Amino acid sequence: MDIQALSAKFGINAEYVKEGMFPVFAQNIAGKKVLLVADQTTQQFLPRIEPIVRASAAQCGTFILPEREPVADKPTVAAVSAAGEGYDYLLAVGAGTLNDLCKYAGFLTHRKSGVYATAPSMDGFTSGVTPLIEDGFKITRPAQTASDVLIDPVLLCKAPRIMIGAGVGDILAKYCCLTDWRISSYLTGEVYGKEAASLMYDAVRACDESIPALQRGEAAGVEKLMEALLVSGYAMVIAGNSRPASGAEHHMSHFLEMDFLRRGKHIPLHGVKVGLGTIVSLYLYETLKSRPAFEGCERVYAEAEKLPGHAYAEEVLASLGCPTRFSQLDVGADTVRRMFLEAYKIRDRFTILTLYCTRGWMDTVVDELMERFF
């Protein structure tokens, strides 16, 4: 897969570093006023990218958010938007939240944005939507796609191991969410986007094959992971929504994230929570045949049989430093139990959780899930 050619089709410059430079990006910002946006954690990477920007841009400024882990909420979006006044371009120096903030602030203020990726930890680099926290709820809003995604595999390899694991969790999740989409087409008549799904499947499989290289800390593995994360955004653009990249596993993650926010607690990495949800979703598919039969079940069973086992996901995520039980997060048993029973309501989207909960099966298996996964 030629990720740069694919990216160009979507109007995005996904550029790998060449001799310490990003030549296409340099041309894109020539004569422009560029604001570098970092937080207390990622400001350490400013010396790597600032000289590159200063060499081409008409002006280069920096805005450092006061938190180590900012949240993409209305006040923070407003702060980034205000800091960008007088600039033409916002460059996030970081990964998930900073990229989301710059994409959305740029969208609101009609400025282009990009990201200098410091970790391969999530799949929102190239998506045209942004997840935001509004009034304590996780809401997905339309945004712009990044104009430039700047990639240095050597830098990405140095990211904390759990951040790489989080990226893998977000990619393994695609097995589940794509199957959720497929079974929804069988059971509810939802339109299944073959182009978006096929593109995503190919990227997931390529990334999955590179997991041994990732576990060894090799740049080739990180490149395949990063490519899959970029493709996830393109699949969402093709589909016009997040269906190719988000299913029951993401709904469980969103449910927990809102709980952490309500309690004012540190929020674990998106991909870490999604990885846990992926393990659960795989288990629910794996044991589906032991539940009562239903109309259309044979087609659903056939899809479930194509999935990897939940034990495989557990093994991979554990090897990359990710938790494989919810009790390893700062979350209570009662919250996790409610998550199993209620997370399917987070989005109006049919998933394996919807199947279990609306048929009354979850009431009978929730104790089993708690024993295995809490």
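This is a predicted model: local features need pLDDT of at least 70, side-chain atom pairs count only at pLDDT 80 or more; totals for chains, interfaces and linings use all residues.
Cys-297 takes part in no disulfide, and the nearest cysteine sulfur, which belongs to Cys-357, lies 19 Å away. Cys-297 is also buried, with a relative accessible area of 9%. Cys-322 is likewise in no disulfide; its nearest cysteine sulfur, that of Cys-207, is 13 Å away. The relative accessible area of Cys-322 is 8%, so this residue counts as buried.

Cys-207 brings us to helix H8, where it is one of the buried residues. This helix covers residues 194-209, and at 1.5 Å a residue its 16 residues should span 22 Å; the C-alpha atoms at its ends are 22 Å apart, so the two values agree. Others buried in H8 include Ala-196, Leu-199, Met-200, Tyr-201 and Asp-208. What do the buried residues of H8 pack against? Their partners are helices H1 (3-9), H7 (161-187), H9 (211-215), H10 (219-239) and H14 (310-319).

I turn now to the nonpolar cores. The largest has 110 residues, and within it Phe-125, Phe-326 and Phe-340 touch the most other members. Helix H7 gives the most to this core, contributing eleven residues. Leaving aside residues up to four places away in sequence, Phe-125 touches Ala-95, Asn-99, Lys-103, Val-115, Ala-117, Ala-119, Ala-146, Val-149, Met-226, Leu-229 and Leu-230. As general background, nonpolar side chains in soluble globular proteins tend to be buried together.

Conventions: Residues are numbered from 1 along each chain as its sequence is written. Side-chain values use heavy atoms; hydrogens and water are left out. Helices (H or I, at least four residues) and strands (E, at least two) are DSSP runs, numbered from the N terminus. The expected span of a helix is 1.5 Å times one less than its number of residues. Buried means under 20% relative accessible area, exposed over 50%, partly exposed in between (1.4 Å probe, protein chains only). Contact means heavy atoms within 4.5 Å. A disulfide is a pair of cysteine sulfur atoms within 2.5 Å. A nonpolar core is a set of buried Ala, Val, Leu, Ile, Met, Phe, Trp, Tyr and Cys residues joined through side-chain atoms within 4.5 Å.
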